[in-house]
Amino acid sequence: MLVFEHVSKRFGATEALRGVSLRVEPGVVVGLVGHNGAGKSTLMRMAVGLVRPDAGRVVLGGEPVERLGRLGGLVAASFDASALPAHWSAITAVRVTADLSGVPAGRVATVLDLVGLADAAGKRIGQFSMGMRQRLAIALALVAEPRVLILDEPTNALDPVISHDLRGWVAEHAARGNCVLISSHNLPEVEQVADRIVVMHKGEVVRSAATTELLVSDTVLVRVDRPEMLRRRLDQLGRPVESLPGETLRVGGASTDEIGEIAFGSGLVVRELVEERRRLSDVYQMITAEGTNR
Amino acid sequence: MNDWYRPIPFGRLILVHRQIWRAQRGVLAGCLLALVAGLLSVAAGMATLSGTVTTAMVGARFAAFPVLTFTLLWTAVGAIAAASPFKSGWAAVVLTVAPRRGRWLAACMASFLLLTVAVTALFAVSAAVLTAAVLAARGHGLAPAAGIARPMGVLLVMSVVEAGIGFLLGAATRSVPASIIIGYVVAPVLPMARFGSADLGRWLDLNGALTALSSAHVGGLTLLSAVTAVALWAGVPTLVAWSRLRSSLT
């Protein structure tokens, strides 16, 4: 388990993190979202000891990270792919990480193959496109199969196929009981992959909730054979109703059970009945706007 | 969990750096440049010997010219080696797995000094072959070429010291130009420093200190000034490099 306990960090006049506390539980994918400069990368770098907190501490598997002598297999991270050493070949970078982590040599080829870089293994990183660098950064993070996987904006410049594959790797990794912390500006993607979403703003966590809880709304979409009849009934009950195209109604302040019972009681054929899910981008706008106005 | 307390074995860190130096073109180019410059000066130095050439003459010529040329470049190569992890981003790749920073930098330096020794050995062997070839071609025979064996110890020590000082300067400044200015401009000028009537230079003269410390009869003020100079050139960059290691890698 990865735990941040009241961590703060200042870079000169800039307060990057202000007393952030966060737990990343085994088997859970935590999505970290926030504007540029919100403190996401600083927080993630703290987990591998690249940034040291001014106050608070980071605990990995019950131990403060600064006391650990090796991190291979315990935690791994992919950060800014453009900062990878340009003179190295892809295979050198993965071998160095694998050797330091004590991983069998065979794993190097496996992970390069996994990210689709097997054919470019001997090529210099400086000759790579941004997408290839990103895939290599992911390979470096995955090579030792860490218990805590940290991915800082991993889908930047990735093509849709690899992005889709990445979501699969992340889900599989978490399903094996590992922790995953992933940040991205691509909110639909975070919505798809994360079990829990943490919104950061100006160095603070302003909202942390399970994805289902965060995105659930109190509106229900219902499609019936005679929508005008259901609308009249709902108006009588004082429910806010909005007519949508395709014989669909949006009903506020109600659960699917309630609307189902009302429709059934009115002798209507229910063709579709779902809780309306809010989009993360809308929720995010709302939360960060609240954060700005505080 | 306990396993993660134990740092990565120093030997493994050194072995990993062997791969890294193979990939770092700046360091490889510096090694090659030192080798080529050294061998060119061997050829030039031996080709200009005239009269009856003795082993002592060959040894003196080798110590005076090729050894100096070869060792001089190691300050720059050392600075390139130490600055490269921070400039080209591979410090973060290594430290994400091996978080003990002081241990990593020590292994990095040790592996670089091993590379220095290997290249110096290659230079020594090549220089011996080249000296013999040049002397034979000039009609002096092969026997005087044995003279280059005498300064080999100095060659090795000077290469390692220059490479080590360069590495420490590079680790402290994380800048190759700054290290080169300190190593090649500030260091030779410092021994001329005076404060009023006091000769400050002797306390700052690294080359003078190494010469004094290699002498069998050294003591008193000379010993003190030599130790001070070594402390300045090795100790201060080490302390600066160490303190900078504590800062965040962003």
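This is a predicted model: local features need pLDDT of at least 70, side-chain atom pairs count only at pLDDT 80 or more; totals for chains, interfaces and linings use all residues.

Let us begin with the interface. The contact, meaning heavy atoms within 4.5 Å, takes 35 residues from chain A and 32 residues from chain B. Residues are numbered from 1 along each chain as its sequence is written, chains are lettered from A and ligands numbered from 1 in the order in which they are written, and side-chain values use heavy atoms, with hydrogens and water left out.

Between them, chain A and chain B bury about 3300 Å², of which 58% is on carbon and sulfur atoms. Buried area here is the accessible area, with a 1.4 Å probe, that two parts lose on being put together, summed over both. Of the area that chain A buries against chain B, 26% is supplied by A:Leu50, A:Arg70 and A:Leu100, more than by any other three residues.

What polar pairing does the rule find across this interface? There are 18 residue pairs in polar contact, both residues at pLDDT 80 or more. A polar contact is a pair of N or O atoms within 3.5 Å; within protein, one must be able to donate a hydrogen and the other to accept it, and residues adjacent in sequence count only if both atoms are side-chain atoms.

I turn now to the cysteines. The count comes to zero disulfides over all chains, where a disulfide is a pair of cysteine sulfur atoms within 2.5 Å. B:Cys31 is buried, with a relative accessible area of 7%, buried meaning under 20% (exposed is over 50%, partly exposed in between, with a 1.4 Å probe and protein chains only). B:Cys108 is also buried, at 0%.

Finally, A:His173 is buried, with a relative accessible area of 3%. A polar atom of the A:His173 side chain lies 2.6 Å from the backbone oxygen of A:Pro146. Leaving aside neighbours within four places in sequence, A:His173 is in contact with residues including A:Glu145, A:Leu149 and A:Cys179.
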